[in-house]
Amino acid sequence: MAKQKSKSNKRTKNEASPDSQSVSPGRTGRAVYPSSGSPVCPSAPDYPAATDVWPVLPTSPSCPSGWDHHDESCYFLHWHDKYDWIESTAFCSTHPHAYLADVTDNSENAFIKGLIVNRFANERDAHVWLGATDEITEGVFVWNVNNQKVNYTDWGPGEPNSIPLNIREDCLVYWAHYSWKWADLDCHQKCYFVCEMPMYYDSIIGK
Ligand SMILES: [Ca+2]
Ligand SMILES: [Ca+2]
């Protein structure tokens, strides 16, 4: 019985299907699903114009408004209010993928210094936090974002000096007094700070 039923439903190669008219690619851009066989995609000219349907992605990565671009990162110099190091770290983290900045080479250091000098040209004693501390092991500074040891450095004269002076200065800062070279400083001091985020996330997520 089963064999006979199957045979009765089978069409010959040249027999027209009731759905044969809808098998041809449609003009709506959608694949057409016939009652049997594989769906058929429309030919290329039937696709809508890119600007009509597809999301427009940036042609090159960019930074959010108010952030400055260098290399593959975006930077935000927080200059309105001063916060201690922990508060500054938390503030940066409120923006997706951002963190208190790490500085890994001379190019990045020079760029951030440029932001600072531009903003604080008349400041003589201001500090700007960076995201490193030697709180775990005295004298060994580590970037907070990835626990990497601080290799590139730009210490001011005599810095870091918490060990020779036997004072508690565990957090990394730019200091105007040293023409914005680095110093270690008491983490509880209130300072300006710089956040950093990878430019990649801005372009993909759009935040
Ligand atoms: Ca960095
Ligand atoms: Ca110091």
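This is a guided tour of a predicted model, one selection at a time.

Residues are numbered from 1 along each chain as its sequence is written, and chains are lettered from A and ligands numbered from 1 in the order in which they are written. Because the model is predicted, local features need pLDDT of at least 70 and side-chain atom pairs count only at pLDDT 80 or more, while totals for chains, interfaces and linings use all residues.

**Whole chain**

Start with the cartoon of the chain, which has seven helices and eight strands. Helices (H or I, at least four residues) and strands (E, at least two) are DSSP runs, numbered from the N terminus. Of the 207 residues in the chain, 21% are buried. A residue is called buried if 20 or more other C-beta atoms lie within 10 Å of its own, exposed if 12 or fewer, and partly exposed in between, with C-beta atoms placed from the backbone. Contacts are pairs of residues whose C-beta atoms, placed from the backbone, lie within 7 Å. Among contacts between residues at least 6 apart in sequence, 61% join residues at least 24 apart.

**The largest nonpolar core**

Next select V128, W129, L130, V173, F193, V194 and C195. In the largest nonpolar core, which has 32 residues, these touch the most other members. Elements supplying at least two residues each to this core are β2 (73–83), α4 (85–93), α5 (106–119), β4 (127–133), β6 (171–175), β7 (181–185) and β8 (191–198). The largest share, six residues, comes from β8. A nonpolar core here is a set of buried Ala, Val, Leu, Ile, Met, Phe, Trp, Tyr and Cys residues joined through C-beta atoms within 7 Å. In soluble globular proteins, nonpolar side chains tend to be buried together.

**Strand β8**

Keep β8 selected. Seven of its eight residues are buried, so β8 is largely enclosed by the rest of the structure. Strands count as paired if DSSP finds at least two bridges between them.

- β2 runs antiparallel to β8, with seven bridges joining them; Y75 stands opposite E196 in β8.
- β3 (99–100) is also antiparallel to β8, with two bridges; here L100 stands opposite C195.
- β4 pairs with β8 in the parallel sense over two bridges; W129 has F193 as its bridge partner in β8.

Now centre on V194. Not counting residues up to four places away in sequence, V194 touches Y75, F76, L77, A101, I112, V128 and L130.

**Strand β4**

Move to β4. Seven of the seven residues of β4 are buried, so this strand is largely enclosed by the rest of the structure.

β4 runs antiparallel to β6, with four bridges between them; in β6, W129 is partnered by V173. β4 is also antiparallel to β5 (142–143), with two bridges.

Select A132, in strand β4. A132 is buried, with 26 other C-beta atoms within 10 Å. Its bridge partner in β5 is W143. Leaving aside neighbours within four places in sequence, A132 is in contact with D102, F141, V142, W143, N144, V150 and L172. Draw a distance from the C-alpha atom of A132 to that of Q148: the two residues are 16 apart along the chain, and the separation is 9.3 Å.

**Helix α4**

Select W85, S88, T89 and C92, the buried residues of α4. Seen down the axis of α4, these fall within an arc of 100°, so they line one face of the helix. The arc is that of the directions from the helix axis to the C-beta atoms. The buried residues of α4 pack against β2, β3, β4, β6 and β8.

**Backbone exceptions**

Most residues other than glycine have a negative phi, and most peptide bonds are trans.

- H97 lies in the loop between α4 and β3. H97 is not a glycine, yet its phi is positive, about 75°. H97 is partly exposed, with 15 other C-beta atoms within 10 Å.
- N147 is in the loop between β5 and α6. N147 has a positive phi of about 65° although it is not a glycine. N147 is exposed, with 8 other C-beta atoms within 10 Å.
- P160 lies in the loop between β5 and α6 (162–165). The peptide bond joining E159 and P160 is cis, with omega about -5°.

Conventions:
Two residues are in contact if their C-beta atoms, placed from the backbone, lie within 7 Å.
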